[in-house]
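Here's a quick tour of a two-chain model, meant to be read with the viewer open. Have a look at the fold before reading on.

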Amino acid sequence: MPRAIPGVLVECDASIKAIINRINDQHDHDFIIEDIDDEHVLIKSSKLDELKLLLKDALKDSVRENEDSSESD
Amino acid sequence: MSSTASQRALDYLEQLPGTTFTKLYQQPSTALAIFRRMLPHLAKNLVMAMLYMPAPFPIADLDAWIKPDSENAQAKDRALSILQRLRILEESDGRSYKLADAFARSLRLALTGGGNHRSFGVPCSTPDAKAMTVGWLDTFARQQWEAILYYVVGSVANATLGGEVQEISEGTKQLLQKGEFVTVKGSGARAATAITEKGFSFLLQEVNAQIWTLLIVYLEVSGELQMDPVDVLSFLFTLGSLELGISYSTSNLTPTQQQMLEDLADFGLIYRRATDTSRYYPTRLATTLTSDAPALPNSSLTATTTTQLNNNAANSTFDLAAQSEKGYIIVETNYRLYAYTNSPLLISILSLFTQLQTRYPNLITAKITKRSIQTAITSGITSQQIIEYLTAHAHPILRRQAPILPPTVVDQIRLWQIEGERMTAWRGYLIRDVGSQEDYEKAVQYAEALGVLRKEFRSKGWFFVSRMDQMSGYFKNLAARRREAMAAQAAASQSGRSSAAPP
Amino acid sequence: MNAVDATNRPEQPDEAEPASLLTIILDTNPRAWAMIADSLPLSKTIANLLVFINAHLAINHANKVAVLASHSERAEWLYPTATTTPDREADDNPNGAQNGDLQMQDRDSAGSGGPVLLPIDDANKYRPFAHVEHTLLRNLTNLLSTTTPNAISSSPATMIASALTKALSYISKQSAALPAATQSTQFNYSDPTSVAGGNDLSNPSANKSSSTSQPLTSRILILSVSGDLATQYIPIMNTIFASQRLSIPIDILKLAGDTVFLQQAADATNGIYMALDTPTAHAGFLQYLMFAYLPDASARAHLITPGEGAGVDFRAACFCHRRIVDVGYVCSVCLSIFCEPLPDGTCLTCGSHLSVGNYGLRPVVVARKKKKKRKEGRVGEESRGSTPAVG
């Protein structure tokens, strides 16, 4: 019998996936419902916004944002 | 059938219970409006073909009527799916389709006229002593609507932009909060409103979609206020079938609808004098509710596509006011933006995603920067919305060239968005354990045809859909048929024959 | 960068279908209607036709309709009403009034204009529908009441050619009047690749600005009751070729009579041809209209259109006596068709002198001489000669 699991499908590249996995581990495995493959993961609907915030924080630490280089006046 | 406007209304209608539909379809103007506004083109032709058909339409005949290649089959599935979601089409005994009785009756009545439903509005029998001109109504509608937009956007922009903007009513403010277009922070006299993500995308929609977005919030709220949603919806659809520039009588409206008149006047959908409550004028915002025509003339490019044979005179007064809004933005390849406007509303909207630089009496200059775009994106505006807005309001000079906006700018805006976006997310349902490879293929195909398929993971035999209601129906049907087949097979093997298995 | 994502489909519903203009030519020849009055009287036809017109208008807000009567001695507009030389639009209509052009009082599309005062203010009817209905009936009554018995007896035919010509010029005018956002969508007579009917979407630049500049797709529906149009062969064929060129399908619904050319018209322009000449078929008149004739060009792309594709009668009428001929004589210069040899050998159309030996004789069928086949070394010759008949 087919099974339908409600949730949010997240698509990202493998490096981000690793970060999501780490966040999941740090938070009692409270995010991920189903680990689909390297670039897809199903997470709980209620946790999406929280995950986004955590991911942003994590990225801020690890990725250096290069500054806006559009020409000045 | 374009725009997000009908999609929004469709989403709302879909979640109504079946009995509400039956009640809604009692009214010919509603049936006509839903027919015209919500259905894909093929579905319309299908409905019309079936409307005067004496017997149900066999599914096999329908399949034979539509060209067999996959693209057309998909169009057919989409048409059928929407028809069924709107409870217009019923499957009778699994072999043929028929139209829902109430809907068919009302649509026939709409086409032939007659009956005593009075759903196309009762014009005032006595002429108005001071009849309103179309131009005046347009101005009124524009003022009211822009005041609402300005309230939404005004909560971000500083108040120093000037220009007189009228205050909107308390009820409308509450509605905007309910709809989460703005939030109120603080309390009492120091309360300040702040625009939300939804508010941003609301601002950048085209006017028709904005009206529907707001009206749907209104519908949701009206339920809480003990207003009958059927009454409310019916009245909205009636408004869509009225004629601009004619006054209509309020005498045959239900109490709920009388109550609505006040709110709708606040939105600028209708105009009613404070002194004379027995008549009301629909404005263009209302009469275009169920059509594709632009709700505010010249507010976007689409205004020019309606043939305006007889209303040259009516329009000329309005042209002056609208001139500034009909294509006023010039974007250069160096990310500079010039906007010929002095409207505080438009300036505020531009300030959402650009860095304003200089303001002249009829012109402002601004710059699109990474920071300005990313600020917009973090507050919930998508790059697509920005690009669409710039395209829709591009100055006629830009319009002469083939890609209207400079491609470098468009690409860069998209790139700036992607830079911040490291993941994409869809809400929906992951379906697994479908069964055999063949079952999986069929289920995926079905989902694809419905347009709900988001992603499939072939190697695992899973797939992801955005909505489940019809998929679960599909699986239930499949299971039922399986059981029947099993039972039939069991019966057949008992009686020693094996030809009874249905496909 | 954001590649087109096919999975986003529900967020991007169908592009708006282009507005479509339906021009109906109603054959109002009183004689022919009298013949089928038992099974399908004119009044009933009109009632059904109005439902059909309303259905067409209901499908798309921007859809338009025009109705012409092809009467016994003239073709007349039923909807919109034609008025000659209006004075009030003289100023703001540069290409109209000055040339003494006909002005069409069109229903202004759903309230984009001032109020249209109707004698019928009925809250039970959608106003645009009521408007079309009212105008059409009034004009038809006018037409029929001004027809003298004399006129009927003097000309038993119907003016299909004249009506078709009027219809085509109206369609042309409407397509041109539609403000085109991009220049390329406008029909350019000097450019043989452009089309005014708008049904040909091969022009990529016209496609690009999809929702903003919709071309008008047009089609013509002829409700025909009278037969024998041979006298109008040449003008009818000319209009057929014009429609073919503008890719405007001509649909034919034949209620009685037998006409060769209308079938050719449908065939040449990809229209639908159906003949309903039994009383049972007449009873289902409306259903035929709604099922077969309602879908416009964009819907027909999805549907298998009904009709009799095979067995189209391609016979022509001669230019000299308007007889329908199976085998005739064709002027080698201008391709005019004649049913019999011309007395002085001069073409009636172009005046070329046709000097042909054995003029007027039927071609003699000569039995083929049997060639003796020489197989060795004559390969080259064989390929030059005619294809040898098998068997």
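## Chain A at a glance

Keep in mind that this is a predicted model. Chain A has two helices and three strands, and going from the N terminus the order is β-α-β-β-α.

Of its 73 residues, 19% count as buried. If you take the contacts in chain A with a separation of 6 or more, 62% of them come from residues 24 or more positions apart.

## Where A meets B

Across the two chains, 24 residues of chain A are in contact with 24 residues of chain B. On the chain A side, the elements giving two or more residues are strand S1 (3-12), strand S2 (32-37), strand S3 (40-43) and helix H2 (48-62). S1(A) supplies the largest share, with ten residues. Sorted by class, this side of chain A has 15 nonpolar, four polar and five charged residues.

S1(A) also pairs with a strand of the other chain: ten bridges join S1(A) to strand S13 (residues 423-432) of chain B, and the two run antiparallel. To find your place along that pairing, look for A:Leu9, whose bridge partner in S13(B) is B:Trp426.

## A helix pair in chain B

Over in chain B, take helix H11 (residues 207-224) and helix H12 (residues 229-240), which pack at an angle of about 155° with their axes 9 Å apart. Angles over 145 degrees count as roughly antiparallel, so that is how H11(B) sits relative to H12(B). The crossing of H11(B) past H12(B) is right-handed.

Who does the touching? From H11(B) come B:Leu215, B:Leu219, B:Ser222 and B:Gly223, and they meet B:Pro229, B:Val232, B:Leu233 and B:Leu236 in H12(B). The residues of this contact split into six nonpolar and two polar, with no charged ones.

## Zooming in on B:Thr391

Last stop: B:Thr391, which lies in helix H18 (residues 383-392) of chain B. Is B:Thr391 buried or partly exposed? B:Thr391 has 19 C-beta neighbours inside 10 Å, so it counts as partly exposed; being buried takes 20 or more.

Leaving out residues up to four places away in sequence, B:Thr391 touches B:Ile404 and B:Leu405. Another residue to check is B:Ile330: it is 61 residues from B:Thr391 along the chain, and the C-alpha atoms of the two are separated by 9.7 Å.

Definitions and conventions:
Residues numbered from 1 in each chain as written. Chains lettered and ligands numbered in written order. Predicted model: local features only at pLDDT ≥ 70, side-chain atom pairs only at ≥ 80, totals over all residues. Contact = placed C-beta atoms within 7 Å. Helix = DSSP H or I, 4+ residues; strand = E, 2+ residues; numbered from the N terminus. Nonpolar A, V, L, I, M, F, W, Y, C, P; charged D, E, K, R; others polar. Pairing = 2+ DSSP bridges. Axes fitted to C-alpha atoms, helices over the stretch in contact; angles between N-to-C directions. Parallel < 35°, antiparallel > 145°, perpendicular 65-115°, else oblique. Left-handed = near helix turned anticlockwise from the far one by under 90°. Buried ≥ 20, exposed ≤ 12 C-beta atoms within 10 Å, placed from the backbone.
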